[in-house]
Amino acid sequence: MQKQHERQAKLNKRKEKKKEQQENAQKIAEAKMHRRLERQAAIEASKQAKVRKAQERLQQKLEKQEMLQAAKQAKKERARVVAEQKKKSKEEVRQLKHLQKLQKLEKQKLEKEVKAQQLMEARKKKKEDVANAKYHEAMRKAKERELKRQQAVLLKAQEKERLKEEKRRAKKLVKERKLEQKRREMILSRELKKPVEDMVLRDAKPLPELTRVKDLKISGSAFADLCMVQEFLHNFGTALDIDFDNEVPSMADMQGSLLNENDEDVITPLCQTMLLAALDDPGVEGPCAETALGVKLDQVEVNESNVSEILRLFIIARNAEPNEISDSLTDKPFTALSPSQKAGSLAFICNELLCGRTICREIESKIEYMSSLRHNKWIAEGNLRKLKALQQQKFPESKIPNKTTASEEKKSPGKKASTQATTATTTPNEKERKRKVVEDEGSDGSDDDDDDEDDDDEEIEEDDDEDDDEAGEEDEGGDDDEDDSDDESGDEEKAEPETLEEFEKRIKKLEK
């Protein structure tokens, strides 16, 4: 056995020596070829240098000849210009003398004409002064008559305006009372919709214990980037012509491909599709927007072999400077990056896609759609309020017990203060109970308080417009309509709830 092993080792050594000799022979042949090519290149370069020198000499001779010809032509041109200037100067002097003579003659003629015109104007002025004096006297008398007539008309108009102003003030007071009542109701509803502090709740529930995501093996930053990528493609996949169900892998598949646990790599195809969309819109500009051969990135066909280099150039072009991911892609392919770097590159592409025109158009269209839905909601709510007002007019017996009028409020301010004190000293349980009642009506909860406040403000504005229309109709009527409006305003003030319990009863009746 030992002899066989020794023989085998000798045979292996001989084979290795033969391989080394063959490699050395190939290297020597390549070196000879390289030297021959260098000699040929040097010979060609020397020939080209000689040709260039000869061409430069010819160009210098031609330039000297052109310079001499240009100097001769310049001398001739200068002599011609000097002669022309002398002729022009003589002609100008002769013309100036002729013009001076003509100007003297014209001045003499103008002086004679001016004297004659002054005499004619003096005669006309005397006649006009006499006519103007007669006209001004007649106009003064007519103005005095017109002023007396206008004063009489103004006195009548002022009397009518005073009566109208008194009626408007009375109607304005009624309108202000209505608005004050509506504002009180809106303030109460806002207070009921406000959330209650956690420290004030008596039946507070303990917070749930959050468990870790099942089968999660990657870092938190990588998982967050994958969640962002999946949510971005879910929202804007249709705008980018990406089928979310077929082309976007699940979270488990992406995690497996990041950790090289799956047989099939799903991250690289996803990166290719997103990179193609980013190269199309928003695109890249600058020196890094081209490959080493001068081809633009958006014209290169992206595949598994060049996706790493294109991604590196895209990151540098969009970021205006290299970062950690681009530095790592200089000496490593995309598949050899760490999981956090792969997820970070996908997140970077998502952030750049958000700057594109297609995504911006998609967001604007969704915003317009939501605003149209809100507008339709406000129209429906306005129609509901009108229907409720008509129902209250048809069935007045469903009103809540009346409240004291404005005159009784002035007489008994202590009662008003006591009611405010009762509303201010409500317990936390009562606040919570009232908030639940308002939520049962259909409010969105504490998360939509800002939207509810905006809706309430719009309701107040719409009610103000309705009151303005009602006031205009009352203006067209006579004194009898004013009396009826005063009676109605008194009934509405009486219908205002006095306490929060009455307000809850009123809400329940409106629900029915």
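This is a predicted model: local features need pLDDT of at least 70, side-chain atom pairs count only at pLDDT 80 or more; totals for chains, interfaces and linings use all residues.
Let me begin with L96, which counts as exposed because its relative accessibility is 52%, where exposed means over 50% relative accessible area, buried means under 20%, and partly exposed lies in between, with a 1.4 Å probe and protein chains only. Residues are numbered from 1 along each chain as its sequence is written, and side-chain values use heavy atoms, with hydrogens and water left out.

L96 sits in helix 1, which covers residues 2-193; helices here are DSSP runs of H or I with at least four residues, strands are runs of E with at least two, and both are numbered from the N terminus. Together with L99, L102 and L105, L96 makes up a nonpolar surface patch with about 370 Å² of accessible area. Such patches are built from residues with over 30% relative accessible area and no salt bridge, joining like charges within 9 Å and nonpolar side chains (Val, Leu, Ile, Met, Phe, Trp, Tyr) within 5 Å. The areas themselves come from the Shrake-Rupley method with a 1.4 Å probe, and for residues only the protein chains shown count as cover.

Now to the charged side chains. Side chains of opposite charge can pair when their charged atoms come close. The structure holds 15 salt bridges, each being a side-chain nitrogen of Lys or Arg within 4 Å of a carboxyl oxygen of Asp or Glu. One of them joins R162 and E159, at 2.4 Å from N to O, and these two residues lie three residues apart in helix 1, about one turn of the helix. R162 is partly exposed, with a relative accessible area of 40%, and E159 is also partly exposed, at 40%.

Another salt bridge, at 3.6 Å from N to O, is formed by R168 and E161. R168 is partly exposed at 45%, as is E161 at 40% relative accessibility. Both belong to a network of salt bridges that links E161, E165, R168 and R169.

Which parts of the chain does the pair K217 and E261 link? The side chains of K217 and E261 meet in a salt bridge at 3.4 Å, N to O, and this pair links distant parts of the chain, 44 residues apart, with K217 in the loop between helix 1 and helix 2 (220-236) and E261 in the loop between helix 4 (251-258) and helix 5 (267-280). K217 is exposed, with a relative accessible area of 53%, whereas E261 counts as partly exposed at 48%.

Let me turn to the aromatic rings. Rings of Phe, Tyr and Trp (its six-membered ring) pair if their centres lie within 6.5 Å, with planes under 30 degrees apart counted as stacked, over 60 as edge-to-face and the rest as tilted, and by this rule there are two aromatic pairs. The pair of F232 and F236 is tilted, because the ring centres are 5.3 Å apart and the planes stand at 50°. F232 and F236 are four residues apart in helix 2, about one helical turn, and both are buried.

The pair of F314 and F348 is edge-to-face, because the planes stand at 80°, with centres 6.4 Å apart. This pair links distant parts of the chain, 34 residues apart, with F314 in helix 6 (residues 307-319) and F348 in helix 8 (residues 339-353). F314 and F348 are both buried.
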